[in-house]
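Okay, thanks for having me, everyone. Let me put the structure up on the screen and then walk you through it.

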Amino acid sequence: MYVKSLLAAARDIRVEQAEMPGEIAPDHVRLRLATASICGTDMHYFRHFANAGFFLDNPVTLGHEACAYVEDANGHGFRPGQLVAINPVIECGACAKCRAGDINMCATKRFPGSATTKPHIDGFFRERFDFPARCCHAVPASVDPDHLTFAEPLACAMHVVNRAGVSRGDRVLVTGCGPMGLLATIGAAAKGAEVAVTDLKPAAIDAARAVGASAGYVTGEERPESAAYDMVIEASGSPHAYNQALDAVRYQGTIGVLSLIQPSDVPINLHLNALKEVHSVGSILFTREFADAVALIAGGEVDFEAITAARFAVAETQAACELMADGRAVGKVLIKPD
Ligand SMILES: [Zn+2]
Ligand SMILES: [Zn+2]
């Protein structure tokens with residue numbers, strides 16, 4: 001028996017005792033949760049039972065960011081008790097995009113805790129689960145699982161940093177210091193860029209400074225210099241921040257869009273796109289950056305504690321999601337076994 005959380009309806013997470021199936025699928029390993037973390041995507045499902053127009057068909061366990069201990073390697077070469085990072089993208093491996101390495105573009109990829117995968121696959125906010133062995137990456141025993149759970153969102157952040165072409169010495173502005181903006185700050189700083197950030201909350205800017213930002217601007221009180229940044233990474237999800245990005249990016253600079261800006265009536269100053277010859281690149285999930293993120297975490301140089309807001313047990317997943325939903329927490333909320 002193990003503890004499993006289940007989103008039954010909007011804002012309604014049930015906790016139940018569940019039984020593991022007797023058989024493990026041949027390509028899967030059996031895992032015991034070490035640490036999971038809540039993503040903005042999970043929050044959309046928590047609030048609306050839907051995300052970006054995709055509705056859940058039935059109750060589902062949320063969570064796609066986690067690391068775990070191997071309980072039964074099922075013949076796949078892991079040691080029992082070994083800590084593994086979990087890449088939640090289950091790509092088909094056979095289509096043209098997969099063969100080119102662009103697993104994020106695979107049209108038939110499957111993803112846990114998501115309405116886009118039908119039938120849905122339960123996610124990681126539960127104490128035990130089976131997952132494909134090829135998605136599990138062994139790490140040294142010295143790695144802290146509360147850091148390793150950042151592998152998936154950090155990979156997403158490193159992907160936009162790569163898509164925007166950030167390199168040593170570049171001036172980068174990150175708009176929004178939610179978890180994704182903080183991780184983009186880490187990714188850009190790791191490339192040797194000089195990083196400035198914006199946010200509504202001074203505490204979020206302090207967190208960004210702790211992980212590599214050298215300047216911060218409180219939105220509404222001060223503003224970053226116009227036409228001064230080689231790249232702007234938009235991580236807030238606000239159309240106003242996209243306008244700020246168009247203002248702050250230098251002529252012929254690049255805006256990397258990490259957030260899912262929701263449809264709105266706010267006018268976007270697209271004339272600046274033309275006048276400044278701005279490059280705008282979208283970004284979703286990651287490709288090779290998952291391995292890069294695991295390596296950066298294993299290196300132990302980044303202070304992930306500075307961007308961790310709170311820890312909850314699996315049985316407290318409802319309270320953990322409520323804390324995230326109220327918007328005051330700075331950094332990630334973690335979910336741990338009871
Ligand atoms: Zn996520
Ligand atoms: Zn594919």
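So, let's start with a pair of strands: β10 and β13 run parallel and are joined by four bridges. Within that pair, T175 has E234 of β13 as its bridge partner. When I say two strands pair, I mean DSSP finds at least two bridges between them. Helices here are DSSP runs of H or I with at least four residues, strands are runs of E with at least two, and both are numbered from the N terminus.

Before I go on, the housekeeping. This is a predicted model, so local features need pLDDT of at least 70 and side-chain atom pairs count only at pLDDT 80 or more, while totals for chains, interfaces and linings use all residues. Residues are numbered from 1 along each chain as its sequence is written, and chains are lettered from A and ligands numbered from 1 in the order in which they are written.

Back to the sheet. Which order do the strands take? β12-β11-β10-β13-β14-β15, six strands in an open sheet with parallel pairing. The edges are β12 (213-218) and β15 (279-282), and each has a single partner strand, so one side of each has no neighbour in the sheet. From one strand to the next, the twist averages 20 degrees. Helix α6, residues 202-210, lies across β11 and β12 and runs at about 170 degrees to β12. For angles like that, axes are lines fitted to C-alpha atoms, for helices over the stretch in contact, and the angle runs from 0 to 180 degrees between N-to-C directions.

Now have a look at V257, in strand β14. V257 has 21 C-beta neighbours inside 10 Å, so it counts as buried. The cut-offs: buried is 20 or more other C-beta atoms within 10 Å of a residue's own, exposed is 12 or fewer, and partly exposed is in between, with C-beta atoms placed from the backbone. Leaving out residues up to four places away in sequence, V257 touches E234, S280, V281, G282 and S283. Contact means that the C-beta atoms, placed from the backbone, lie within 7 Å. H271 is 14 residues from V257 in sequence, and their C-alpha atoms are 18 Å apart in space.

Next, helix α7, residues 239-248, where the buried residues are A241, Y242, Q244, A245, L246 and A248. What do those buried residues pack against? β10 (171-175), β11 (194-199), β13 (229-234), β14 (249-257) and α8 (270-275).

Helix α9, residues 289-298, has seven of its ten residues buried, so the rest of the structure largely encloses it. Those are E289, F290, D292, A293, V294, L296 and I297. Their cover includes β7, β9 (136-138), α3 (145-148), α4 (151-163) and α5 (179-190). Just past α9, G300 takes a positive phi of about 75 degrees.

Zooming out to domains: domain 1 is 2-143 + 300-336 and domain 2 is 157-282, with the bounds coming from an automatic or database domain assignment. Their centres, over C-alpha atoms, are 28 Å apart. Nine residues from domain 1 and eleven from domain 2 make the contact.

Over to another helix pair. At what angle do α1 (residues 40-48) and α10 (residues 317-325) pack? About 100 degrees, with the axes 10 Å apart. The two are therefore roughly perpendicular; the scheme is under 35 degrees for roughly parallel, over 145 for roughly antiparallel, 65 to 115 for roughly perpendicular, and oblique for the rest. M43, F46 and R47 of α1 meet C321, M324 and A325 of α10.

Last, some backbone geometry. Strands β1 (residues 2-9) and β2 (residues 12-18) run antiparallel and are joined by seven bridges, and V3 has Q17 of β2 as its bridge partner. In the loop between β1 and β2 you'll find R11, which has a positive phi of about 60 degrees although it is not a glycine. R11 is partly exposed, with 14 other C-beta atoms within 10 Å.

N74 is another non-glycine with a positive phi, about 55 degrees, and sits in the loop between β6 (65-72) and β7 (83-86). N74 has 18 C-beta neighbours inside 10 Å and counts as partly exposed.

And one cis peptide bond to flag: K118 to P119, with omega about -10 degrees. P119 is in the loop between α2 (96-99) and β8 (128-132). That's my tour, thanks.

Definitions and conventions:
Contact = placed C-beta atoms within 7 Å.
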